[in-house]
Amino acid sequence: MSVLQMTSLNLTRMSRNCATGSNNTIISLYAAIRNFSATPVLADKHECQVLVVGGGAGGCAVAAKLSRKLGPDKVIIVEPADKHYYQPMFTLIGGGMKRLEQSFKPMASVLPKDVKWLQEKAEQFDPKNNTVITSGNNNIKYDLLLIAIGLQLNYDKIPGLVEALAIPNGKVCSIYSPKYVENTLECLRRTENGNAVFTFPASPVKCPGAPQKIMYISEHYFRKLNKRGNINVIYNTALPVLFGVKHYADALWPIVKKRNVTVNTRTNLVEVKPAMDMAIFENLDKPNEKFEQQYSMLHVVPPMSAPDQLAQCKDLVNEAGFVDVNKSTMQHVKYKNVFAIGDCSGSPNSKTAASAAAQSPVVYRNMIAALEGEELKATYDGYASCPLVTGYRSCILAEFDYDLNPLETFPVAQNKERYSMFVLKKSLMPALYWNMMLKGYWNGPAMMRKIMSMFKFGKN
């Protein structure tokens, strides 16, 4: 039977299954149709003008821009997932303000229609020969490469953590994975007393504000249910500060003090003992000094790293395993036909979706310039945004640049808790993401900031 006949048969079978109303089947059918229309027969070798590895926020945004400029079938995207998640929503899901099904769409529905999608994982990078080999043994040759592969969650690096997360009705949770995020609300409901412990790991982290966002939301949840008096809220962070930007850290310290939250800096989770409800932490300032902490609830942020397949290509990455790029142009320091965007990049910005949005026009313009043999003129200033949700009706909108200086959009003091910023985070940002950013039309708030600056006569 030919590949074409087999594909047709599988589509027919899935169409019958769709009659049962299975969401998973519908998503699989959607992906199969999208794949079939884009790549009816997958050969061993492919050639393209631009190869995008990764179908996350940055990969989708730049691929959309490139496909409009270059035309159909000039861009290939390599992405194994069948769902695209809006990950900034996970903190709200953990607090019961959103549902998991609101956070994702079929990958086939968000990828640009004029690109060719290989639903496989990139296994080997060979920048010397301008090729990438996929998990399906496809060899892809490119003129330009955009690496947008994101971060890898290493739950298994903490002994006992995976076991603890798998316990039904357990006490350990994590908002960082769709596999575990829904259990966070269940943990909140089950916690009646004792220590509610929240962690920040000694590693790079996507959305570094999220570990304390879920802590603030949880503390507010306990107060709403009149059980806060019986629960100690503890935030153990490997960082030496509460937040990396002093302008906002100075605003957050009074909040944690007012809410009686214990903050331990330079404190890193190294082991979980679920049978004893015990967490083991190390003091990063005193080597070999460890201590135990009993928990009634433990929210864990896993250590993170660049994906193994990327880190193994030493020609592409820096010492930390991230793509070694010029932080202004996002072009690789050695291979001039390689660019990176988002969390996998070695640029020293905070790893957020807002960063990828601000990087996307820079990466796009510089990739087009590289294709045309012109000088790279677009530059990225390190812009990042972190809406620090501090409860069920409040948020501090942190915006800053490479130098950790505030780079704020609105003509009000953004280092204050505001309901307006909470509405922006909860209701407006998801729509902006799905309808504008992934389609390549949202480049961050730089233009809006210029307009708003006319009204910044005095913040209060």
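Q: Which residue in β21 is the bridge partner of Ser 385?
A: In this predicted model, Ser 385 is bridged to Glu 399 of β21. The two strands, β20 (residues 384-389) and β21 (residues 395-400), run antiparallel and are paired over six bridges. Five residues lie between them, and together they make a hairpin.

Q: What is on each face of β20, and are those residues buried or exposed?
A: Side chains in a regular strand alternate between the two faces of the sheet. In β20, one side carries Ala 384, Cys 386 and Leu 388, while the other carries Ser 385, Pro 387 and Val 389; all are buried. That is six of six residues in the strand.

Q: Which residues have the most contacts inside the largest nonpolar core?
A: Nonpolar side chains tend to be buried together in soluble globular proteins. Here the largest such core has 140 residues, and Leu 51, Phe 125 and Phe 243 have the most contacts within it. Helix α11 (residues 353-371) contributes the most to this core, with eight residues. Leaving aside neighbours within four places in sequence, Leu 51 has contacts that include Ile 76, Val 78 and Tyr 142.

Q: Is Asn 268 buried or exposed?
A: A residue counts as buried under 20% relative accessible area. Asn 268 has 9%, so it is buried. Asn 268 belongs to strand β14 (residues 267-273).

Q: What does the side chain of Asn 268 reach?
A: The side chain of Asn 268 reaches the backbone nitrogen of Ala 202, at 3.1 Å. Not counting residues up to four places away in sequence, Asn 268 also touches others, among them Phe 200, Ile 280 and Leu 284.

Note on methods
Residues are numbered from 1 along each chain as its sequence is written. This is a predicted model: local features need pLDDT of at least 70, side-chain atom pairs count only at pLDDT 80 or more; totals for chains, interfaces and linings use all residues. Side-chain values use heavy atoms; hydrogens and water are left out. Helices (H or I, at least four residues) and strands (E, at least two) are DSSP runs, numbered from the N terminus. Buried means under 20% relative accessible area, exposed over 50%, partly exposed in between (1.4 Å probe, protein chains only). A polar contact is a pair of N or O atoms within 3.5 Å; within protein, one must be able to donate a hydrogen and the other to accept it, and residues adjacent in sequence count only if both atoms are side-chain atoms. Contact means heavy atoms within 4.5 Å. A nonpolar core is a set of buried Ala, Val, Leu, Ile, Met, Phe, Trp, Tyr and Cys residues joined through side-chain atoms within 4.5 Å. Two strands pair if DSSP finds at least two bridges between them.
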